[in-house]
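Here are my notes on this one, as numbered points. Have the model open next to you while you read.

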Amino acid sequence: MYKTRKIFLTIALISSASVTFACGESMIQSKTGMRYHDFSTRRPADILLFSSEADSSKQISAGLEHAGHHLTVVAEEPAAVDALTSRHFDLIIASPKEMESLTAHLAASTQVPTLIAVIDGGDKSDAARFPQYVYQSDGVDKYLKSIERTMRERKS
Amino acid sequence: MTVRRVTLALLLVCAMISGAIAADSEYEAQTPSPSNLDAPQGHGWVSIQGQDLYSHGDYDGPAGSNSGNVRFYSLQLNAAYFVASQWDIHLGIPYISSQYTGQFAHPQLPCPPNCAPTEVDNGHYHGYWQDWDAGVRYHADLDGYEVAPSVDVYVPSNNYPFYGSAGIGQRTRRIGVGVDVSHQFDFSNIFYLGHYQYVFNQHVLGINNNYNSFGADLGYFLKQNLSVRAISDIKLGNGYADSQIIPYGPGTPTGGINPIWELHDKFRLEEHADIGAACDYVFGRNMLSFTAARSVWGRSDSRLTYALAVMLTRSF
């Protein structure tokens, strides 16, 4: 019986010249996906946000703080001057009108913060006056991009 | 014995699923996961993955596309634990059930000399636990680029059959040294994942069968908790091509009774390139991933017609 099976096996082996090699991958490399990351700055800035519009400044400041920046929010000129006197800021975000009110104080400062103007989209002259600006209608992302660009230039 | 293994697997699966169902409903971006490197000590993740692979024919084999069909159903269990901030240890093991159908099954070889089993190619499903994967990984955040080098050790969990078209693995010990990279572009919903691993494979008959495994995924967040990816995975390396194995095969004067043929499944080249798509959905601490892929190129490897995978990962 064993001999018969062996002969049959030998015949089978010889006849199966086209034996398969289909031995291959038994699993694919299936990696897990990525979790969404809110933008987080790698260049945290000390920012003075000078805005008389409480609602929009609240929304913007929350977004900038969430990204890792340190915010001081003021709504009036005396408070802005007090803040500038008491500590150093990397950036000031304010409208052109509000910035003008701080001009005298900034001129006397030894370390002048970089200004990011919040301008009206319809006024092209403001855009020409300020190297860094955002529009009043811009969302937090535009502010963050402008801050990133400014901080990168300051570091370099 | 097999019943006990299956029961153990089912218990583990049930435990993981019940834990996942009890998940938090809110989106938790900061929970650690394989791709979230804000990974505090004492946390980690567990995952369970099911795959369905179907291969039809070979890329280079002598029977080519007519060499038969192989189906693999697998269930993979993985867990990682952060033993220190940024350092995880992880462990995983797949259970794979396979079936070969076709005209060219690996023939049974005489026993002795090596008693290479061929019952895996008899048209029925056969399931085995495959290789343990134990490793350590370091997670670094390099200016927004998440880089995770790792070392993994793969050890066969048992003497599963390696000889056959439906063999579930090479049954070799391996050490993999690799790195994972992931990055989401600033102010963008676009991200990418990359992986590379060099695997030092246990040499058989002195034949170098080390290989590289690498790939890249390009993804887009449709929502904060829903993303899609285009994926790729490539394996290139060393080993015997089919043209080197054929002279020792069953159709030759030796009748396949020689070490090269008996052990060829341990060092066959098996190079391939797979592409596909994936979708990831995050709910609470869980991520549910769906993947579909197929091979577009191969050398001395089976021709992967399609692969489907679903994976549930839960962070803790």
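1. Helices (H or I, at least four residues) and strands (E, at least two) are DSSP runs, numbered from the N terminus. This is a predicted model, so local features need pLDDT of at least 70 and side-chain atom pairs count only at pLDDT 80 or more, while totals for chains, interfaces and linings use all residues. Residues are numbered from 1 along each chain as its sequence is written, and chains are lettered from A and ligands numbered from 1 in the order in which they are written.

2. Now the hairpin itself. β6(B) and β7(B) form it with 2 residues between them, and in that turn Asp143(B) has a positive phi of about 55°. The strands, residues 140–142 and 145–156, run antiparallel and are joined by 3 bridges. Within this pairing, Ala140(B) sits opposite Val147(B).

3. β7(B) has other partners too. Strand β5 of chain B (residues 131–138) runs antiparallel to β7(B), with 7 bridges joining them; Asp133(B) faces Tyr154(B) there. With β8(B), residues 174–184, β7(B) pairs over 9 bridges, again in the antiparallel sense. Pro149(B) is found opposite Val179(B) in that pairing.

4. On to chain A, with 7 helices and 5 strands. Read from the N terminus, its elements go α-β-α-β-α-β-α-α-β-α-β-α. Of the 156 residues in chain A, 32% are buried (20 or more other C-beta atoms within 10 Å of the residue's own; exposed means 12 or fewer, partly exposed in between, with C-beta atoms placed from the backbone). For contacts (C-beta atoms, placed from the backbone, within 7 Å) in chain A with a separation of 6 or more, 53% link residues 24 or more positions apart.

5. Look for Ser109(A) in the loop between α5 (103–107) and β4 (114–119) of chain A. From Thr72(A), Ser109(A) is 37 residues away in sequence and 18 Å away in space, C-alpha to C-alpha.

6. Last, the interface. Chain A puts 32 residues into the contact and chain B puts in 79. On the chain A side, α1 (2–15) and α7 (140–155) each supply at least two residues, and α1(A) gives the most, with 5. That side splits into 15 nonpolar, 11 polar and 6 charged residues (nonpolar: Ala, Val, Leu, Ile, Met, Phe, Trp, Tyr, Cys and Pro; charged: Asp, Glu, Lys and Arg; polar: the others, Gly among them).

Notes
Contact = placed C-beta atoms within 7 Å. Pairing = 2+ DSSP bridges.
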